[in-house]
Protein chains: 2
Amino acid sequence: MKKWKYGLSALGLAIGMATSGISATVSAAGPTLSEADFDKATTLYFQRCAGCHGVLRKGATGKNLEPAETLKLGQKRLEQIISYGTEGGMNNFDDIFSKDEISLLSTFIQMEPPVPPEMSLDMMKEHTKQFVALKDYPTKPMHGRNWENFFVVIERDAGTAAIIDGDTKEIVAHIDTGYAVHVIKGTEHHKTDHPKDAVGRFWYTIGRDGKVNKIDLWQTPDKMLVAETKMAYDARDIAVSGDGKYVIAGGYWPPHFVIMDAETLEPLKVVSSRGINVDGEYVNEARVAAIYTTPNEPTFMVAIKELGQMWQVDYTDLENLRIEQIDSAKFLHDGFFDPTGRYFQIAANASNKMVVVDTQERKLEKIIDVAKLPHPGPGANWVDKECGPVGGTTHLGEGAVSVWGNDPMGHPDQAWKLCYEVETDGAGVFIRTHETSQYVWADQLKHPEPEVQQSVQVFDKETREIVKTIRVTEEEGKAALHMEFNQDGSEVWVSVWNRADASNPTGEIVVYDAKTLEEKHRIKGLTTPTGKFNVFNRINHKT
Amino acid sequence: MKKWKYGLSALGLAIGMATSGISATVSAAGPTLSEADFDKATTLYFQRCAGCHGVLRKGATGKNLEPAETLKLGQKRLEQIISYGTEGGMNNFDDIFSKDEISLLSTFIQMEPPVPPEMSLDMMKEHTKQFVALKDYPTKPMHGRNWENFFVVIERDAGTAAIIDGDTKEIVAHIDTGYAVHVIKGTEHHKTDHPKDAVGRFWYTIGRDGKVNKIDLWQTPDKMLVAETKMAYDARDIAVSGDGKYVIAGGYWPPHFVIMDAETLEPLKVVSSRGINVDGEYVNEARVAAIYTTPNEPTFMVAIKELGQMWQVDYTDLENLRIEQIDSAKFLHDGFFDPTGRYFQIAANASNKMVVVDTQERKLEKIIDVAKLPHPGPGANWVDKECGPVGGTTHLGEGAVSVWGNDPMGHPDQAWKLCYEVETDGAGVFIRTHETSQYVWADQLKHPEPEVQQSVQVFDKETREIVKTIRVTEEEGKAALHMEFNQDGSEVWVSVWNRADASNPTGEIVVYDAKTLEEKHRIKGLTTPTGKFNVFNRINHKT
């Protein structure tokens with residue numbers, strides 16, 4: 001690689017020399033792979049590693065994996081780490097990758113990372129398709145089901161979303177989506193008074209491959225998939241504007257967000273998220289993590305993970321786009337609103353902090369120190385006897401639920417301070433509750449021991465004590481994760497993830513009575529069920 | 001160079017393959033240079049070519065010079081173009097470069113461009129120095145001169161700024177600045193009522209090498225240089241906030257802008273200008289061209305050249321930074337305000353347009369079609385008998401001054417429409433007038449013929465006709481450029497640029513009577529004098 005020099009020394013201007021970090025050159029020394037193996041490793045890395053370590057491997061939630069670091073560890077140690085994980089929060093992958101694949105990946109990460117291409121607005125437009133024309137959208141539901149109690153369920157490794165009738169527990173449809181959909185969001189507000197614009201009717205999926213799909217829950221199952229586009233090669237989150245006009249999706253690569261027409265998915269506006277992080281350093285791979293619609297303002301909250309900045313993006317005028325770039329902490333990941341909808345609470349996971357943004361003032365409200373690697377997923381808000389309204393999060397890095405006050409008006413002394421912590425058996429990914437429930441549920445997906453990974457724990461809002469540990473499955477190669485309440489809060493649905501048999505529909509959802517905590521039902525025939533979105537609860541923020 | 005592939009075809013996800021454009025690998029085929037020659041060519045290219053063509057050579061005001069284009073032309077044709085220029089607006093360089101240098105550059109631009117390094121906030125802090133401590137700043141002028149009629153003059157190739165007494169025509173000082181300073185701006189508003197915060201006292205220079213210097217006009221000549229920092233490797237413009245607290249400077253490379261403490265030049269905030277252009281495509285080299293303080297709002301106008309976006313940056317809260325990204329047209333370069341200070345008028349030069357931003361509403365007001373490659377420099381506003389208040393610009397691409405109405409309140413029918421054009425003998429870079437003058441002056445620096453390049457033309461605001469062509473110099477290798485009025489508008493100062501003898505102080509400024517247009521005085525002993533900034537006129541926008 002050619003070194004850059006201005007060579008202005010003749011003018012007395014000594015300038016620091018450095019090589020750019022952005023290049024796809026293969027190191028002269030070190031291990032090599034055939035082109036076919038390199039491509040295979042690139043794919044494996046993208047599917048399972050890039051999320052935490054980045055495609056350019058600069059590190060984020062996971063460590064830096066550039067050759068300068070990995071060559072020091074060497075092939076054997078890297079294989080061990082990938083196989084068995086680490087204390088630091090790295091998963092074991094020996095049940096997901098073969099030995100050959102682990103060897104391949106260990107070599108690959110000792111080589112320079114390839115730089116993926118950009119994606120222009122015109123390229124996105126070529127991917128935009130209508131499966132059902134707007135004029136053919138029905139004006140009333142075309143089935144007799146209670147669609148407001150539908151669950152839209154991610155079937156991660158199948159690249160589909162299952163629509164499940166919450167009343168009958170029947171699987172209504174498996175809808176083709178992008179690969180490994182991360183999040184699904186629905187329209188939260190009426191666009192017009194016309195019944196066709198009913199809240200909760202349309203749902204938008206974002207695949208890890210950047211594919212966006214629009215689902216119409218009023219359609220018959222064969223027609224529910226109504227539109228599609230693609231806005232990135234690697235993506236994580238999506239949201240619908242408060243006025244129902246726009247959908248916004250965030251790219252991990254290219255690092256950007258895209259605002260689309262919510263009716264047709266036609267991409268309208270692309271904004272790069274590359275920028276300068278809170279330490280004053282340029283980040284090429286500055287990825288868009290969570291994206292949410294602010295309930296009370298005409299804006300989106302866009303979390304730029306590596307920058308440690310929340311961007312509050314005003315969608316009232318796309319051609320004169322107003323953005324507040326709110327400095328907070330690295331590495332932003334997933335968040336949720338307080339019950340008033342004014343404050344957005346988001347994990348800066350590798351900083352062990354929860355960041356709070358005041359969406360009314362469009363500025364940082366507070367940063368709260370919590371336990372290791374917070375990850376609230378959809379989050380949980382409830383009322384504590386001492387602290388008043390509180391929010392809580394699980395953690396990827398330890399078995400703990402951190403709980404903080406989130407009512408600065410009513411409880412200023414407790415607001416944005418740690419109220420208490422609940423110790424659980426294992427590090428987890430998701431927390432959930434419901435306004436009608438006396439309990440808070442936490443999963444333990446990140447714990448290496450099967451019996452813990454397969455159990456969720458339930459604690460009482462009143463006593464702050466764990467009241468039950470529920471073994472959701474005992475089958476080898478399966479794990480329990482992600483809880484969702486049904487429409488009236490009487491049931492809790494927990495996913496059983498068939499991680500070791502990911503290509504078959506051997507996963508299930510186990511339904512519990514929200515009061516007695518007893519098992520009621522098992523919904524079978526699902527492939528790696530992950531996130532679940534109950535229409536009524538998500539639209540009405542019944543967390 | 002390793003090609004990027006996700007290789008997800010097994011999942012049915014065909015993704016377009018492409019190699020990234022950002023790399024410093026030298027092509028396998030094609031011409032080569034020794035490392036020493038490559039470094040020398042890199043320096044020459046940076047100093048004379050990168051401004052128009054970009055360090056990554058993707059093109060902007062000038063054409064794309066990546067190997068895919070240049071290899072088609074070949075060594076001989078490239079040497080001819082560099083030597084003699086083109087009809088399209090490319091300068092001749094046979095009087096600036098030697099034959100060997102032209103040969104070297106022709107080879108260099110057929111090779112892959114090297115990618116320069118980034119510059120972090122911490123690196124900038126290491127360059128920040130106080131030559132005079134804040135506590136030692138005088139509280140009144142330390143000399144008896146009329147400092148409000150000082151001219152701060154860029155001595156381009158000497159890397160200095162000359163301070164010239166406008167009353168006596170004496171050169172008061174040559175102050176060390178960055179290389180080839182592009183712009184110098186002063187404080188336009190009182191920061192406090194304290195005399196030490198007087199408007200027009202402090203001036204800030206920005207070098208092409210990104211060096212920022214602070215000049216105190218109240219000091220004795222030996223102490224006028226009070227502080228320094230460096231915010232980029234390649235930069236063009238600078239501004240002082242309306243409240244006098246901040247200085248902002250824009251980088252060509254790295255493509256970013258930096259907000260500094262106006263007292264100490266301590267860098268406080270860096271914002272990347274890389275982004276998505278108005279065509280929806282990512283631009284790595286998205287350079288910051290003009291930066292201005294808005295007279296009526298607490299904001300800066302930042303022109304992102306390659307994006308075709310004006311960013312209106314609010315400086316009231318740097319940690320929750322509000323930016324309006326205003327879509328307009330490529331390639332934004334230099335601009336000026338209308339007389340009310342509400343509208344910013346800026347050239348999108350390669351689009352042959354003037355862009356108008358409404359800084360009160362923080363949105364695009366209008367785009368006006370003008371002649372080829374508009375370049376207003378400091379710009380000119382006056383009152384026309386038919387169109388009312390108007391603005392005007394010279395053009396790099398043809399001998400024409402375009403004049404448009406700029407009073408939407410008083411003259412809505414004429415506002416933001418072409419009022420008339422004045423044909424001049426040659427393409428130019430600068431236009432200038434004064435509210436007390438009946439004339440508008442235009443230079444013709446871009447014309448290849450010496451007699452035109454050495455002459456400026458003057459037209460009458462009333463008759464719209466050219467009344468005089470003034471041959472400012474007849475010396476070989478010299479050119480006439482850039483006009484500036486003195487404090488009371490009675491004189492016009494024109495630079496004589498010693499382009500063929502750039503390392504010696506053989507340049508001069510010729511002073512004309514603003515009414516009779518007769519020569520009054522020649523100020524000698526200047527090295528490549530370029531832009532001149534009269535303290536009173538610049539601070540009070542007496543254009």
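1. Surroundings of B:Gly62. In this predicted model, B:Gly62 touches B:Cys52 and B:His53, when residues up to four places away in sequence are not counted. The glycine is placed in the loop of chain B that runs between helix α2 (50-53) and helix α3 (67-84). A separation of 471 residues in sequence lies between B:Gly62 and B:Phe533, and their C-alpha atoms are 28 Å apart in space.

2. Position of B:Thr530. Strand β35 of chain B, which covers residues 529-534, contains B:Thr530. The relative accessibility of B:Thr530 is 13%, and because buried means under 20%, this residue counts as buried.

3. Contacts of B:Thr530. Once neighbours within four places in sequence are left aside, the residues in contact with B:Thr530 are B:Ile154, B:Arg156, B:Leu481, B:His482, B:Ser495 and B:Trp497. With one of these, B:Trp497, the side chain of B:Thr530 also makes a polar contact of 3.5 Å.

4. Cis peptide bond in chain B. The bond that joins B:Trp253 and B:Pro254 is a cis peptide bond, and its omega is about -10°. B:Pro254 belongs to the loop between strands β10 (246-253) and β11 (256-261) of chain B.

5. Cis peptide bond in chain A. A cis peptide bond also leads from A:Lys330 to A:Phe331, with omega near -10°.

6. Positive phi at A:Lys169. Although A:Lys169 is not a glycine, its phi is positive, at about 65°. This lysine is found in the loop of chain A between β3 (160-165) and β4 (171-176). Is A:Lys169 buried or exposed? Its relative accessible area is 13%, so A:Lys169 is buried, the limit for that class being under 20%.

7. Positive phi at A:Asn352. Another residue other than glycine with a positive phi is A:Asn352, where the angle is near 55°. The loop between β20 (343-348) and β21 (353-358) of chain A holds A:Asn352. With a relative accessible area of 28%, A:Asn352 is partly exposed; that class lies between the limits of 20% and 50%.

8. Secondary structure and overall form of chain A. Seven helices and 35 strands make up the count for chain A. Its radius of gyration is 23 Å, close to the 24 Å that the globule rule gives for 543 residues, and therefore chain A is as compact as a globular protein of that length. Taken along the principal axes, the box filled by the C-alpha atoms of chain A is roughly 75 × 50 × 50 Å.

9. Burial and contacts in chain A. Of the 543 residues in chain A, 65% count as buried. Where contacts in chain A link residues at least 6 apart in sequence, 53% of them join residues at least 24 apart.

10. Surface and charge of chain A. The accessible surface of chain A amounts to about 19000 Å², and carbon and sulfur atoms account for 48% of this area. How many positive and negative side chains does chain A have? There are 59 positive and 78 negative side chains in chain A, and 3 Å separates the centres of the two sets.

Notes. Residues numbered from 1 in each chain as written. Chains lettered and ligands numbered in written order. Predicted model: local features only at pLDDT ≥ 70, side-chain atom pairs only at ≥ 80, totals over all residues. Heavy atoms only, no water. Helix = DSSP H or I, 4+ residues; strand = E, 2+ residues; numbered from the N terminus. Buried < 20%, exposed > 50% of the residue type's maximum accessible area, 1.4 Å probe, protein only. Polar contact = N/O pair within 3.5 Å; in protein donor to acceptor, adjacent residues only side chain to side chain. Contact = heavy atoms within 4.5 Å. Rg over C-alpha atoms; globule rule 2.2 N^0.38 Å. Areas by Shrake-Rupley, 256 points an atom, 1.4 Å probe, with all protein chains shown as cover. Lys, Arg positive; Asp, Glu negative; His and termini not counted. Charge placed at Lys NZ, Arg CZ, Asp CG, Glu CD.
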